[in-house]
Amino acid sequence: MHRVIVVTGTDTDVGKTVFAAGLAAAIGAHYWKPVQAGLEDGTDTATASKLGVPAQRIVPEAYRLATPCSPHRAAEIDGVQIDLMRLALPDVEGTLVVEGAGGALVPVTRETLYADVFARWGQPTIVVARTGLGTINHTLLTIEALRARGVPILGIAFVGPAEDDSEATICEMGNVPRLGRLPHLASLDPDSLQAAILSGFDMEFFR
């Protein structure tokens, strides 16, 4: 395994899966979602496949849980005990993009948060943040939570319409790089997503 890039978010539904899938496809990386909670409406792994990550570069989930809620509770409902040893980073050839669930402080178990798992991995982590109202607070809190655990932050990937002042404020006050911004796409498919990633981000951050 040559490089790992962890993708987390400030909250659920901020565009983390679309960004992670688009990044993995654009740089030819493997994609891994360690814990999938919620199966009925489709999985993030299936979304990554639809958005251009080839099947041979998708690593199967360590856990597939039926209930769409926090992994710790979904596991309890399913009668599953999450073993953190199964969340060790898989050994792949090349770059691995790993997607967390929800925000950085979502519980994996009743004793361990995603941010704690990120700290164990010790790999560069991208925070995906929406550009809308409330993002400054949520993003700066996420940065503080990750730094408190010694998680290295690669930078912020914004999703949504341009909000220059909010984006600049977050990066200046949080002392983190602005990696770029992914706009909302009228048609979301592999081609449009890859074009948006390549035009909206400085790809040197991911090499």
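1. Lys33 and Asp44 are joined by a salt bridge in which the closest N and O atoms are 2.7 Å apart, a salt bridge being a side-chain nitrogen of Lys or Arg within 4 Å of a carboxyl oxygen of Asp or Glu. Lys33 sits in the loop between strand 2 (30–32) and strand 3 (35–37), while Asp44 belongs to helix 2 (residues 44–50), so the pair ties together parts that are 11 residues apart in sequence. Helices (H or I, at least four residues) and strands (E, at least two) are DSSP runs, numbered from the N terminus. Both Lys33 and Asp44 are buried, where buried means under 20% relative accessible area, exposed over 50%, and partly exposed in between (1.4 Å probe, protein chains only). Lys33 and Asp44 are also linked with Glu99 in a network of salt bridges.

2. A word on the basis of these points: this is a predicted model, in which local features need pLDDT of at least 70 and side-chain atom pairs count only at pLDDT 80 or more, whereas totals for chains, interfaces and linings use all residues. Residues are numbered from 1 along each chain as its sequence is written, and side-chain values use heavy atoms, with hydrogens and water left out.

3. How many salt bridges does a search of the whole structure find? The search finds eight, and among them is the contact between the side chains of Arg73 and Glu76, at 3.0 Å from N to O. Arg73 and Glu76 are three residues apart in helix 3 (residues 71–78), which means that about one helical turn separates them. Arg73 is partly exposed, with a relative accessible area of 39%, and Glu76 is likewise partly exposed, at 34%. A further salt bridge joins Glu204 to Arg207, with 3.2 Å between the closest N and O atoms; here Glu204 is exposed at 56% relative accessibility, and Arg207 is exposed at 65%.

4. Turning to the rings, a search of the whole structure finds five aromatic pairs. Tyr114 and Phe118 have ring centres 5.9 Å apart and planes at 45°, so this pair is tilted; rings of Phe, Tyr and Trp (its six-membered ring) pair if their centres lie within 6.5 Å, and planes under 30 degrees apart count as stacked, over 60 as edge-to-face and the rest as tilted. Because Tyr114 and Phe118 are four residues apart in helix 4 (residues 114–121), about one helical turn lies between them. Phe118 also forms a tilted aromatic pair with Trp121, at 5.9 Å centre to centre and 40° between the planes, and these two residues are three apart in helix 4, again separated by about one helical turn. Tyr114 and Phe118 are buried, as is Trp121. Together with Trp32, the residues Tyr114, Phe118 and Trp121 form one aromatic cluster.

5. Asp13, although not a glycine, has a positive phi of about 60°; Asp13 lies in the loop between strand 1 (3–9) and helix 1 (16–27) and is exposed, at 71% relative accessibility. Asn175, which is not a glycine either, has a positive phi of about 55°; Asn175 is found in the loop between helix 6 and strand 9 (178–182), and its relative accessibility of 62% counts as exposed.
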